Amino acid sequence: MRASLILMPLLAVAAAAQRKCGSTHVPGALKEQARAFRAANARSSFPAAHAANRTLLVETYFHVIGADETEENGWVPEDKLTKQLEVMNEHYASTGIKFDLKETTRTVNKEWAGFSVEGNDTSIELDMKKKLRKGGYDALNVYFRPLGDGLLGICVFPDDVEKDSDDFWLDGCQVLHSSVPGGSTKNYDLGATATHEVGHWFGLFHTFQDGCDGGDQVDDTPAEADPTQGCPKGKDTCTGAKYPGLDPIQNFMDYSYDACMNQFTPGQATRIYQFWDKYRGKASNSTAHFRGVGEAAFF
Ligand SMILES: [Zn+2]
């Protein structure tokens with residue numbers, strides 16, 4: 001799975017110029033699963049109603065990795081992390097999901113703070129995450145650090161993952177340290193980057209995934225040909241009867257400025273729970289299981 005996340009444009013773009021997320025390539029198996037869920041949803045109104053009544057408390061860990069103890073080099077102050085958690089909870093409120101922050105770790109490590117994710121070598125990332133990652137496959141780990149490569153964030157999609165495998169350890173979201181609320185990344189300083197990346201962790205695709213005829217396999221997300229830059233009113237890149245609605249520039253899974261992102265659709269909430277039940281929410285993947293009798297050594 002890890003190798004699938006490295007297919008990114010070679011063009012280097014300053015982080016502040018436009019949103020750039022590293023989770024652009026969705027694994028084929030996950031796309032197939034999304035199509036299967038979509039087909040199942042079309043046959044029954046049950047999934048939508050099901051999601052509407054659900055709640056989920058996600059065990060969450062924040063990890064701050066700085067090259068030193070300056071905010072510029074990754075050391076996100078506590079008040080901004082608190083605000084980031086508040087913003088994530090506000091953004092996911094319509095889905096019934098809440099993030100329960102269990103612990104925040106802080107590490108000064110130049111190599112971990114500054115490594116590039118654009119490449120096949122995951123050795124530094126694996127080393128960092130093996131030392132910092134906490135909880136089971138149902139626990140969200142967010143690594144705030146100076147990402148480089150013009151990236152605002154990169155996250156790993158859910159999958160059938162064996163515990164203690166490299167894929168298990170590599171799970172989680174990396175978020176640009178300066179994209180937190182009050183951070184220094186212009187137009188991406190309200191905390192929506194973490195919300196967007198965690199959307200991938202739940203299994204959501206970009207709204208513009210594979211263009212007009214691709215999409216995120218969620219029925220109530222309007223089709224969109226390309227990523228949105230800024231907050232363009234009336235943007236409509238997929239037109240005609242086949243593609244109702246304007247581009248979903250307010251959707252957290254687009255590339256718009258933080259200021260105009262404010263929505264997950266009901267269909268996306270349903271999809272989150274469908275993926276959750278299949279991958280992360282299974283009893284065998286829970287922290288409780290991993291910490292069960294005879295497995296204490298795993299943590
Ligand atoms: Zn993304």
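Colleague: Which residues do ring pairs link into a cluster?

Modeller: Ring pairs link Y92, F99, W201, F202, F252, F264 and W276 into a cluster. Before we go on, this is a predicted model, where local features need pLDDT of at least 70, side-chain atom pairs count only at pLDDT 80 or more, and totals for chains, interfaces and linings use all residues. Residues are numbered from 1 along each chain as its sequence is written, and side-chain values use heavy atoms, with hydrogens and water left out.

Colleague: What counts as a ring pair?

Modeller: Rings of Phe, Tyr and Trp (its six-membered ring) pair if their centres lie within 6.5 Å. Planes under 30 degrees apart count as stacked, over 60 as edge-to-face and the rest as tilted.

Colleague: How many aromatic pairs are there?

Modeller: By that rule there are 15 aromatic pairs. One of them is F157 with F205, which is edge-to-face, at 6.3 Å centre to centre and 85° between the planes. F157 lies in the loop between β4 (153-155) and α6 (166-170), and F205 in the loop between α7 and α8 (266-280), so the pair ties together parts that are 48 residues apart in sequence. Helices (H or I, at least four residues) and strands (E, at least two) are DSSP runs, numbered from the N terminus.

Colleague: Are F157 and F205 buried or exposed?

Modeller: F157 and F205 are both buried. Buried means under 20% relative accessible area, exposed over 50%, partly exposed in between (1.4 Å probe, protein chains only).

Colleague: Switching to the metal. Which residues coordinate the zinc ion?

Modeller: The zinc ion is coordinated by C21 through SG, and by H196, H200 and H206 through NE2, at 2.0 to 2.2 Å. Donors are N, O and S atoms within 2.8 Å of the metal (3.2 Å for Na, K and Ca); water is not among the atoms, so sites may look incomplete.

Colleague: Why is the arrangement called tetrahedral?

Modeller: Because the 4 donor atoms subtend angles of 99 to 120° around the zinc ion. Four donors count as tetrahedral if all angles lie between 85 and 135 degrees. Four count as square planar and six as octahedral if opposite donors are over 155 degrees apart and all others between 65 and 115; anything else is irregular.

Colleague: How are the donor residues spaced in sequence?

Modeller: The spacing is C-x174-H-x3-H-x5-H. H196 and H200 both lie in helix α7 (residues 192-202), 4 residues apart, about one turn of the helix. H196 is buried, with a relative accessible area of 0%. H200 is also buried, at 0%.

Colleague: And the rest of α7: how many of its residues are buried?

Modeller: 11 of the 11 residues of α7 are buried, so the helix is largely enclosed by the rest of the structure. Among them are T193, E197 and W201. After α7 comes G203, with a positive phi near 115°.

Colleague: Which residues other than glycine have a positive phi?

Modeller: D164 is one of them, with phi near 70°. D210 is another, near 60°. Most residues other than glycine have a negative phi, and most peptide bonds are trans. D164 is in the loop between β4 and α6 and is partly exposed at 46%. D210 is in the loop between α7 and α8 and is partly exposed at 47%.

Colleague: Now strands. How do β1 and β2 pair?

Modeller: β1 and strand β2 (residues 97-108) pair in the parallel sense over 11 bridges. Two strands pair if DSSP finds at least two bridges between them. L56 has I97 in β2 as its bridge partner. Strand β1 (residues 56-66) is mostly covered, with 10 of its 11 residues buried.

Colleague: Where is S179, and what is it in contact with?

Modeller: S179 lies in the loop between β5 (173-176) and α7. S179 is buried, at 0% relative accessible area. Leaving aside neighbours within four places in sequence, its contacts (heavy atoms within 4.5 Å) include Q84, L152, Y188 and T193.

Colleague: One more. Which ring does the charged end of R145 sit over?

Modeller: The charged end of R145 sits over the ring of F115, 3.6 Å from its centre. That label applies if NZ of Lys or CZ of Arg is within 6 Å of the ring centre and within 35 degrees of the ring normal. The charged end of K278 sits over the ring of Y279, 5.5 Å from its centre.
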